[in-house]
Amino acid sequence: MGARRTARERALQALYQLEMTQGATSREALDSAWAASAEDGKPEPDAVKFAKELVEGVEANRVEIDALIERHSHNWRLDRMSRIDRNVLRLGIFELKYRPDIPRKVTINEAVELGKNFGTEESSAFVNGLLDRVAVALGKP
């Protein structure tokens, strides 16, 4: 698995933990996510750096990201979404809005894979549709 895919998985795990554990810091959540995957060996420095950028970026822009999710999710309030879907969407929207170096197609494909691997049967289609609507609204080519 590539460094960025691994980083996205650890970032998702960290964001999930941040929702579940009051008072946890992003560093603690990331450390925990990396420790839980210790059987993979020592993580690549690029993966650690990218995961940190993702988690900190989502956390710093969470209000705006959540507003975009709610604006483009038809008939779904943020608090009714599964924690996995909600955090996959947060990661995807962060990349779409704040990481112009990552192509739209890559962001959406990676988010769909996260949904497949960590979410429910419906997660990948839900994530794909919502991120596509957000990408169009953001003018992301």
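Predicted model: local features only at pLDDT ≥ 70, side-chain atom pairs only at ≥ 80, totals over all residues.

Reader: Which residues touch the most other members of the largest nonpolar core?

Author: This core holds 39 residues. The elements that give two or more residues to the core are α1 (3-20), α2 (26-36), α3 (45-60), α4 (62-72), α5 (83-98), α6 (104-118) and α7 (123-138). The members that touch the most others are Val55, Ile69, Val88, Leu89, Leu91, Ile93 and Leu131.

Reader: With neighbours within four places in sequence left aside, which residues is Leu91 in contact with?

Author: Leu91 is among the core residues that touch the most other members. Leu91 also belongs to the α5 residues that meet α1. With neighbours within four places in sequence left aside, its contacts are Arg8, Ala11, Leu12, Leu15, Leu54, Val58 and Leu114.

Reader: Is the crossing of α1 and α5 left-handed or right-handed, and which α5 residues meet α1?

Author: α1 passes α5 in a right-handed crossing. On the α1 side, the residues involved are Arg8, Ala11, Leu12, Leu15, Tyr16, Glu19 and Met20. Their partners in α5 are Arg83, Ile84, Arg86, Asn87, Val88, Arg90, Leu91 and Glu95.

Reader: Are α1 and α3 parallel or oblique to each other, and is their crossing left-handed or right-handed?

Author: The axes of α1 and α3 come within 8 Å and cross at roughly 40°. Angles count as roughly parallel under 35 degrees, and α1 and α3 are therefore oblique to each other. Residues of α1 including Ala7, Ala11 and Leu18 meet residues of α3, among them Phe50, Leu54 and Val58. The crossing of α1 and α3 is right-handed.

Reader: Is Glu110 buried or exposed, and which side chain does a polar contact of 2.9 Å join to that of Glu110?

Author: Glu110 has its place in helix α6. Its relative accessibility is 15%, so Glu110 counts as buried. Residues up to four places away in sequence aside, Glu110 touches Arg5 and Arg8. The side chain joined to that of Glu110 by a polar contact of 2.9 Å belongs to Arg5.

Reader: Is Ala33 buried or exposed, and which residues does Ala33 touch beyond those up to four places away in sequence?

Author: Ala33 lies in helix α2. Because its relative accessible area is 5%, Ala33 is buried. Beyond residues up to four places away in sequence, Ala33 touches Arg10, Gln13 and Ala14.

Reader: Is Phe94 buried or exposed, and what separates the C-alpha atoms of Phe94 and Val58?

Author: Phe94 is placed in helix α5, and its relative accessibility of 7% means that Phe94 counts as buried. Its contacts beyond four places in sequence are Glu53, Leu54, Gly57, Val58, Asn61, Ile65 and Arg99. Phe94 and Val58 are 36 residues apart along the chain, and their C-alpha atoms are separated by 6.0 Å.

Reader: Is Asn75 buried or exposed, and what is its phi?

Author: Asn75 lies in the loop between α4 and α5. Its relative accessible area is 74%, so Asn75 is exposed. Most residues other than glycine have a negative phi. Although Asn75 is not a glycine, its phi is positive, at about 65°.

Terms used. Residues numbered from 1 in each chain as written. Heavy atoms only, no water. Core = buried A, V, L, I, M, F, W, Y, C linked by side-chain atoms within 4.5 Å. Buried < 20%, exposed > 50% of the residue type's maximum accessible area, 1.4 Å probe, protein only. Helix = DSSP H or I, 4+ residues; strand = E, 2+ residues; numbered from the N terminus. Contact = heavy atoms within 4.5 Å. Polar contact = N/O pair within 3.5 Å; in protein donor to acceptor, adjacent residues only side chain to side chain. Left-handed = near helix turned anticlockwise from the far one by under 90°. Axes fitted to C-alpha atoms, helices over the stretch in contact; angles between N-to-C directions. Parallel < 35°, antiparallel > 145°, perpendicular 65-115°, else oblique.
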